[in-house]
Amino acid sequence: MIEYLKQHYGSELLAAEVKVGDNVVVVDRERAVTLFRKWRDDPNLKLDFLTDITAVDWLNRKPRFEVVYHLYSFPLKHRLRVKVPVEESDPWVYSLTPLWKAADWLERECYDMFGIRFEGHPDLRRILMYDSFVGHPLRKDYPVTKRQPIVEETDPIVRPLSHSRNRPSRG
Amino acid sequence: MALPKRWTQKTELEDTAEEIMELQMGPSHPATHGTIKFNLKLDGERIVDCDVEIGYLHRAFEKMCEQGTWTQVFPYTDRLNYASPVINNVAFALAVEKLLGIECPERAKYARVIMSEVSRICDHLTCLGMAAVEVGAQTVGFYAIEAREFLYDLIEAVTGARVTVTWCRLGGIARDLPEDFSDRLIPAFKHLDAILKDCDKLLSRNRVFRDRMVGVGKISVQDALSYSLTGPLLRACGVPYDVRKAHPYLIYDRLEFDVPVGSEGDNFDRFMVRFAEIRESMKIVEQAVRELPQGPIIVDDPRIALPPKERVYGSIEGLMNHFKLIMEGVKVPPGETYHAVEGANGELGFYIVSDGSGRPYRVRVRPPCFFGMAALGQMLIGHMIPDIITTFGMINMIGGECDR
């Protein structure tokens, strides 16, 4: 599979190798979404299932973040890990929400935990933490003992649905 | 007698659009087992839009994993899906072992499979029993808990704990199955079998139960795949994807079992798929116990496994070995890997990154019910408020795993 990727998409990949039995490719964030779409529709790859989106914080390394995607192919039963390096100064990648609905919550979690923005996400807000949480907890420079400021209590009757007020309606 | 004009106007369609009511259900609601909030937009009792809010049980699992050694992650994994803790243990152990490039001994493989499947049965019983209670079938709930109790006794005999088992170790398991394991298993499964038959009779053709479950919370195959659903939720749509079959790990390729699938993708099919899976898991356990080999239960490698206690207390080498492993941790070679197992709710994957020190650099868990919760909002649109309870029950959201 890695050979096929190198042959047909070699010019668009920053790196491609097999690591500990897993297929891994590194791609540029500008090309990522186009490649994901091509790989989904390529009859030799059929990477049609988004298993996971997460990130790794390589503090003191440049670029600092890596957004990590895990793809799976139901018909061909193979996996691919795609890594997109992201700079600390401007951490963003394009959103995969137009391709997979699962990307919605996964990208929200990644934003919540690492502060990486997903351009084109319809509703990028925190998911596990509360709105007034300061910082992004899974960054390596977030101390595990850090305390958070106490949040003023809000009356749910006076300010109902503060979270979903600006959310586009699905109904 | 003609109705007053005011009454007839009430039924006109353009009026209803203005009567969208916003309602917050939860985060603490008696009918939802788990802390979760539904921000609902309602047209009468019909759900127009549902925004699901999770995160109330967030305990920074992934951050805490980075603080200790690799072995110290095991107790945290117990608390992910606490209805089937052994499967989480096994999943994490397999991921790290893949990075270490080792395999556990045969007996440990069999033991892991046996206990994983017993755990899966416990998880399904909890889910099905609670789902039945929520639609008013209290009896079935008690029956399921009774059956689970026999299995918890079994788990306790093996691991020493009922829920927080911490049973796996890198390269093997902490305790061997007791000598009389099969003597304990046979009566437990006999009881379980009788209870399953009773539950089947009470529910499968029960008018009230079917009315509440059939056609509710439906999702199409395309949407299920787009939402990355796995496990019983996906199989209920008719896709026979099971990690145990698609990518067999441990000894699953040597065992015979079927993957039950549904066709409609509604709550009833999810229920029946889980119900059938209990039977399949029982088959797996019986086969594995029959073929259980003798031998060591953990790899013989002083860099990975702790020495036996006699050597720790009886020799300086053993003591130093123990000290180094406890204080510095197992030195996992630098690298990263992803390994998935079939959890009770779907594909449970661990993506781990090591920097070569004794501590994990990053541990990411792919929690199967997180994806189900993401799809829940769409499943509910057009349904009524009581349908939230049954659909939520069938997704089997486990707070510990979903919120981590």
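Which strands of chain A does helix 3 lie across? Helix 3 (residues 103–114) of chain A lies across strand 3 and strand 4 (65–72) of chain A. Bear in mind that this is a predicted model. Below is a short tour of a sheet in chain A and a helix pair in chain B.

**The sheet of chain A**
- Five strands of chain A form an open sheet with mixed pairing, in the order 1-2-5-4-3.
- Strand 1 (13–19) and strand 3 (49–57) of chain A stand at the edges; each has a single partner strand, so one side of each lacks a neighbour in the sheet.
- On average, neighbouring strands of this sheet are turned by 20° against each other, direction ignored.
- Strand 2 (residues 22–27) and strand 5 (residues 79–86) of chain A run parallel and are joined by three bridges.
- Within strand 5 of chain A, A:Lys83 is the residue opposite A:Val26.

**Helices on the sheet**
- Helix 1 (residues 2–9) of chain A packs on the sheet and touches strand 1 and strand 2 of chain A. The direction of helix 1 makes about 170° with that of strand 1 of chain A.
- Helix 3 of chain A runs at about 5° to strand 3 of chain A.

**The helix pair of chain B**
- Helix 6 (residues 106–134) and helix 7 (residues 138–159) of chain B have axes that come within 8 Å and cross at roughly 160°.
- Because angles over 145 degrees count as roughly antiparallel, helix 6 and helix 7 of chain B are described that way.
- The crossing of these two helices of chain B is left-handed.
- Residues in the contact include B:Leu125 and B:Met130 from helix 6, and B:Ala144 and B:Leu151 from helix 7.
- By class, this contact has 18 nonpolar, four polar and one charged residues.

How values were computed: Residues numbered from 1 in each chain as written. Chains lettered and ligands numbered in written order. Predicted model: local features only at pLDDT ≥ 70, side-chain atom pairs only at ≥ 80, totals over all residues. Axes fitted to C-alpha atoms, helices over the stretch in contact; angles between N-to-C directions. Helix = DSSP H or I, 4+ residues; strand = E, 2+ residues; numbered from the N terminus. Parallel < 35°, antiparallel > 145°, perpendicular 65-115°, else oblique. Left-handed = near helix turned anticlockwise from the far one by under 90°. Contact = placed C-beta atoms within 7 Å. Nonpolar A, V, L, I, M, F, W, Y, C, P; charged D, E, K, R; others polar. Pairing = 2+ DSSP bridges.
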